[in-house]
Amino acid sequence: MINIQKLNKTAQTIVAPGKGILAADESSNTIKTRLDSIGVESTEDNRRDYREMLFRTSGASKYISGIILYDETIRQVGSDGTLLSKVIIDQGMIPGIKVDRGGKPLANSAGEQITEGLDNLRDRLLDYVQLGAQFTKWRGIISIGHGIPSQYCIEANAQTLARFAALSVEAGLV
């Protein structure tokens with residue numbers, strides 16, 4: 001059963017005036033580039049330490065309402081053994097999770113993309129709820145240029161976004 005009151009409360013908290021969402025959903029490759037730039041090896045412990053430092057920053061919840069996590073991050077525990085999503089909650093912020101699997105070429109369309117990740121999404125969302133997630137992120141890719149976006153691309157992305165949203169709400173996630 002969908003708890004509309006809980007969803008509304010989470011949504012209102014996320015969009016609180018004067019606050020924003022921290023996108024900490026960097027893939028392993030992206031965070032490796034960031035760590036390489038400062039001469040730090042991209043090990044799981046170093047990635048965890050970097051993220052934990054961000055999440056434990058005193059006073060962050062004054063400006064940040066929610067934090068989007070990556071699959072690796074939502075499964076990590078801090079140096080004290082606390083699940084990082086709980087660290088976020090304890091700091092007064094809401095953990096979320098990026099659930100799409102990236103953009104791929106849209107079939108039968110030149111130069112347009114569709115976001116993938118609906119396969120097994122229902123099961124993944126239930127897992128993420130158990131790990132502390134309260135909201136989800138999905139990217140819709142619409143390129144603008146000569147003759148694009150096509151109606152086909154807009155409709156394909158809208159259908160994908162609708163399926164993603166329905167599955168998120170079904171799992172109790174904003």
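This is a predicted model: local features need pLDDT of at least 70, side-chain atom pairs count only at pLDDT 80 or more; totals for chains, interfaces and linings use all residues.
Trainee: Which residues of H6 are buried?

Mentor: Start with the scale: buried means under 20% relative accessible area, exposed means over 50%, and partly exposed lies in between (1.4 Å probe, protein chains only). In H6, residues 121-130, the buried ones are Leu121, Arg124, Leu125 and Tyr128. They cover an arc of only 100° around the axis, so they lie on the same side of H6; the arc is that of the directions from the helix axis to the C-beta atoms. Turned away from that buried side, the other face carries the exposed residues Asp123 and Gln130.

Trainee: And what covers the buried residues of H6?

Mentor: Here we need contact, meaning heavy atoms within 4.5 Å. The cover includes helix H4 (71-74), E3, E6 and helix H7 (151-170).

Trainee: What is the order of the strands in the open sheet?

Mentor: The general idea is that strands of a sheet pair through backbone hydrogen bonds, either parallel or antiparallel. Two strands count as paired if DSSP finds at least two bridges between them. Here four strands form an open sheet in the order E1-E2-E3-E6, with parallel pairing. Strands E1 (20-24) and E6 (135-137) are the edges, each pairing on one side only. From one strand to the next, the twist averages 30°; such angles run from 0 to 180 degrees between N-to-C directions, and axes are lines fitted to C-alpha atoms, for helices over the stretch in contact. Helix H1 (residues 4-14) packs on the sheet, touching E1, E2 (64-69), E3 and E6, and its direction makes about 95° with that of E3.

Trainee: How many bridges join E3 to E6?

Mentor: Three bridges join E3 (residues 94-98) to E6, and Lys98 stands opposite Lys137. E1 and E2 pair over five bridges, with Ala23 partnered by Ile68. E2 and E3 pair over four, and there Ile67 faces Pro95. E2 is mostly covered, with six of its six residues buried.

Trainee: Is Asp100 buried or exposed?

Mentor: Asp100 counts as buried because its relative accessibility is 3%. Asp100 lies in the loop between E3 and strand E4 (103-105).

Trainee: At what angle do H2 and H3 pack?

Mentor: H2 (residues 28-36) and H3 (residues 44-55) pack at about 80°, their axes 11 Å apart. The two are therefore roughly perpendicular: that class spans 65 to 115 degrees, while under 35 is roughly parallel, over 145 roughly antiparallel and the rest oblique. Ser28, Ile31, Arg34 and Leu35 in H2 meet Arg47, Tyr50 and Arg51 in H3.

How values were computed
Residues are numbered from 1 along each chain as its sequence is written. Side-chain values use heavy atoms; hydrogens and water are left out.
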